[in-house]
Amino acid sequence: MSTSNAAKPKRIFGIKAQNNDLKFEQEKLINTNSIQNEVEYNKRNSCVSPENASFEYNSFFSFEDNYGNFEFYACPICNEEIFGLYQLNIHLDTVHTENKSQNVILSLFKKTQKITEEITGTSKSNIKSNQPLIDKSHWEKSTIDDKCSYPDCEKQLGIRNGKQNCYCCGKLFCDMHTNFSMRLSESAKSDPNSPNWYKVCQSCYTSREGYNNTEGQCRDLSILFLRARKSNIEKLCLEENLLILRLEKLAKLKESSTEKKGIPINQKSMEQAVVQWKDDTSAVQCYSCNSYFGKVINRRHHCRLCGNLICSNCIKDIPLYTDINDENTLTGSTKACNQCTRIVFRKKIMNKKEKLPSVVKLYEQIKLNQSIVEGILPLYNDNLLKLNSKTSKNDLKEDYQNATKLREKLIKNFHQIDLLSKRIIKIQTNSKYYRILQNNIAKGSIIYLQNNMITLKMLPEKNNITIINEDIEKTKRIKEIKETIDVLNCQYTQLQEYYQDALFKRKFDNAKTLEESIQDITNEIQKFKAELEEIS
């Protein structure tokens with residue numbers, strides 16, 4: 001036996017490599033004795049057959065001359081030697097289906113996992129889980145023909161679609177419907193305070209408590225806010241009182257210096273006696289805006305209240321009061337930074353009441369008159385109804401007098417509202433938005449008068465009192481019809497939008513239904529409008 005035949009081929013990860021000196025023989029390429037599937041045999045003969053052996057032989061030897069070796073792939077399940085990846089894929093699809101070779105593939109994966117654990121030195125026994133053990137007594141047991149428990153899914157569970165128990169309900173699902181995480185307690189129930197996350201199904205995730213709460217979780221932080229606010233207010237009040245004392249002291253010193261005429265007074269030493277100034281070389285930047293000082297452009301200045309070095313942009317003159325709450329105690333002025341000025345005069349600015357615009361004052365008077373009308377108008381309408389229902393002359397006379405008095409009050413308030421709205425229109429302004437505000441107030445007043453002066457007519461003679469009840473009922477019906485028409489118009493616009501959207505998406509069945517609904521609403525609107533014209 002020759003040495004070439006005696007040499008054993010090497011196998012590396014399912015690949016068999018032959019030596020360069022081996023010649024191509026067709027009986028070694030396809031071994032018909034080892035073929036277990038006739039379909040595979042026919043496909044292989046179609047690729048390499050005795051009829052085209054000469055063509056394949058020549059072309060194959062040109063491949064050998066260039067590369068010098070051949071590669072055979074071994075099936076990972078049955079270890080059969082197959083030439084080419086394409087033939088290996090056909091072999092796996094036809095011979096080894098998922099139901100027949102599932103256990104073989106699982107055992108193969110377990111073997112490779114053990115090998116990798118031995119190489120890397122990591123195993124499941126070495127890895128300690130930080131999560132506590134969760135109750136799995138409610139889990140559904142796995143079988144060969146399991147299907148996904150999610151409604152309308154029913155995928156076959158296995159290597160392709162995955163197989164996973166939901167930690168919450170315990171049912172079996174595919175990977176697509178267990179791609180959710182949720183906090184669970186050790187008893188496999190939803191617990192928002194649990195630090196551990198577990199895989200759950202889509203049904204358990206969406207049905208958990210608080211899933212549909214769009215506001216989110218709320219916590220009351222009022223106590224912490226009030227505590228922080230109290231400390232900040234105390235700090236601000238102490239700083240404010242200190243700066244006010246310095247301001248009043250500086251004002252008193254200036255007042256005493258002005259009284260002593262003819263005596264030279266060092267202004268700088270007097271101001272430094274109130275607060276100690278910082279040295280000019282102690283800072284190169286402004287304490288307020290951090291801008292760099294210069295010899296000519298951005299010179300240094302000292303704040304007379306805090307003593308810090310400030311640039312010319314962050315310092316200004318402020319008035320000096322011996323008593324800051326009394327405007328008549330003004331003695332002069334001094335320089336202070338913006339921060340000290342804001343703190344010292346904070347209360348003074350807050351206590352100063354800003355003048356209300358004339359439009360606001362007139363509008364408040366209009367609202368006052370409207371509230372009076374809303375209190376009197378129901379009483380007036382009740383008296384008119386009583387005049388129609390009563391038959392006694394004495395009672396009729398009293399109700400008639402009460403109705404007359406109420407009517408006079410209503411006319412007076414209506415007239416006042418009309419005058420105030422006209423005064424608002426006459427106010428001169430250069431602002432476009434201010435003019436829009438004035439017009440809106442005037443229009444609102446006119447609409448209010450039109451809606452509430454319908455029943456306000458001259459009191460009829462005693463013989464014509466029966467007409468009053470009919471007028472009141474008509475006004476009520478007019479209001480009801482107008483409200484109904486407004487609602488129908490809103491529905492009409494919404495249906496028009498839905499109709500256009502359905503046409504754009506080519507949903508002609510929906511468009512036909514919407515068109516019928518639009519036609520019905522249009523008929524209803526026309527009906528109510530006709531009734532309104534008859535009543536009015």
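I started at C311, which counts as buried at 0% relative accessibility. Buried here means under 20% relative accessible area, exposed over 50%, and partly exposed in between, with a 1.4 Å probe and protein chains only.

The model is predicted, so I kept its limits in view: local features need pLDDT of at least 70, side-chain atom pairs count only at pLDDT 80 or more, and totals for chains, interfaces and linings use all residues. Residues are numbered from 1 along each chain as its sequence is written, and side-chain values use heavy atoms, with hydrogens and water left out.

**Cysteines**

I asked which cysteine sulfur is closest to that of C311. It belongs to C314, at 3.6 Å, too far for a bond. I then looked up C286, which is buried as well, with a relative accessible area of 1%. The closest cysteine sulfur to that of C286 is in C311, 3.6 Å away, and this too is too far for a bond. A disulfide is a covalent bond between the sulfur atoms of two cysteines. The rule I used asks for a pair of cysteine sulfur atoms within 2.5 Å. By that rule I count 0 disulfides.

**Rings**

How many aromatic pairs does the structure hold? I find 4. Rings of Phe, Tyr and Trp (its six-membered ring) pair if their centres lie within 6.5 Å; planes under 30 degrees apart are stacked, over 60 edge-to-face, and the rest tilted. I noted the pair of Y167 and Y198, which is tilted, with 5.2 Å centre to centre and 35° between the planes. Y167 lies in the loop between β5 (164-165) and β6 (172-173), and Y198 in strand β8 (residues 197-200), so the pair ties together parts 31 residues apart in sequence. Y167 is buried at 18% relative accessibility, and Y198 is buried at 6%. Ring pairs also link W139 with Y167 and Y198 into a cluster.

I checked for a charge over a ring, defined as NZ of Lys or CZ of Arg within 6 Å of the ring centre and within 35 degrees of the ring normal. R208 lies over the face of Y205, 4.7 Å from the ring centre.

**Whole chain**

I logged 16 helices and 12 strands in the protein chain. Helices (H or I, at least four residues) and strands (E, at least two) are DSSP runs, numbered from the N terminus. The protein chain has 536 residues, of which 29% count as buried. Contact means heavy atoms within 4.5 Å. Among contacts between residues at least 6 apart in sequence, 54% join residues at least 24 apart.
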